[in-house]
Amino acid sequence: MIKWSINQINNLKLEAMFTIQIDEIRLAEVVRQAVKEQMENRNEVGSDAEVKQKGIFLYSLKELADFLHCSTPTAQRMKNEGRIPYKQTGRKVIYDTDEILRSMEHVPGKKLHLRK
């Protein structure tokens, strides 16, 4: 087992610090490339209906609204209209994101627009 002194650890921290100098053109290229990679990763996951939030349970209307990217009253209205599946025991309501996504796929004339 290797024991390090505080001074040795602090020296390692100082050695790891460095400065990057980059001009605006190169910075724009780096940002553009990062955005492109993120978009490609999103496309590999699949369509919006296959977002990474599969298998997640939501436990409040606020979480549902955030998941659907809508207001809380809109989420409540969709739930009341039966457009959002849920399970309820007493006052506790649980939303399964898998079931929500499946139910949204079957809405005629509506396109699912979930954003990350």
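Two strands pair if DSSP finds at least two bridges between them.

**Figure 1. Overview of the elements in the protein.** The predicted model contains five helices and three strands. Read from the N terminus, the elements follow the order α-α-β-α-α-β-β-α. Of the 116 residues, 17% are buried. The accessible surface amounts to about 9,500 Å², and carbon and sulfur atoms account for 54% of that surface. Counting contacts between residues at least 6 apart in sequence, 53% link residues at least 24 apart.

Figure 2. The three strands make an open sheet, arranged in the order β1-β3-β2, with antiparallel pairing. The edge strands are β1 and β2 (residues 87-89), each of which pairs on one side only. Strands β2 and β3 run antiparallel and are joined by three bridges. Within this view, glutamine 88 lies opposite valine 93 of β3. As a general point, strands of a sheet pair through backbone hydrogen bonds, and the pairing can be parallel or antiparallel.

**Figure 3. Close-up of helix α5 on the sheet.** Helix α5 packs on the sheet and touches β1, β2 and β3. The direction of α5 makes about 60° with that of β3.

Figure 4. Helix α3 spans residues 61-68, and its buried residues are Leu64, Ala65, Phe67 and Leu68. Why do they lie on the same side of α3? They cover an arc of only 160° around the axis, so they are on the same side of the helix. In general, an α-helix has 3.6 residues a turn, so residues three or four places apart point the same way. After α3 comes histidine 69, which has a positive phi, near 55°.

**Figure 5. Close-up of the crossing of helices α3 and α4.** Two packed helices are described by the angle and the distance between their axes. For α3 and α4, the axes come within 8 Å and cross at roughly 100°. Angles of 65 to 115 degrees count as roughly perpendicular, so α3 is roughly perpendicular to α4. On the α3 side, the contact is made by Leu61, Lys62, Leu64, Ala65 and Leu68. On the α4 side, Thr72, Ala75, Gln76 and Met78 take part. Leu64, Ala65 and Leu68 are also among the buried residues of α3.

Terms used. Residues are numbered from 1 along each chain as its sequence is written. This is a predicted model: local features need pLDDT of at least 70, side-chain atom pairs count only at pLDDT 80 or more; totals for chains, interfaces and linings use all residues. Side-chain values use heavy atoms; hydrogens and water are left out. Helices (H or I, at least four residues) and strands (E, at least two) are DSSP runs, numbered from the N terminus. Buried means under 20% relative accessible area, exposed over 50%, partly exposed in between (1.4 Å probe, protein chains only). Contact means heavy atoms within 4.5 Å. Accessible areas come from the Shrake-Rupley method with a 1.4 Å probe; for residues, only the protein chains shown count as cover. The arc is that of the directions from the helix axis to the C-beta atoms. Axes are lines fitted to C-alpha atoms, for helices over the stretch in contact, and angles run from 0 to 180 degrees between N-to-C directions. Angles under 35 degrees count as roughly parallel, over 145 as roughly antiparallel, 65 to 115 as roughly perpendicular and the rest as oblique.
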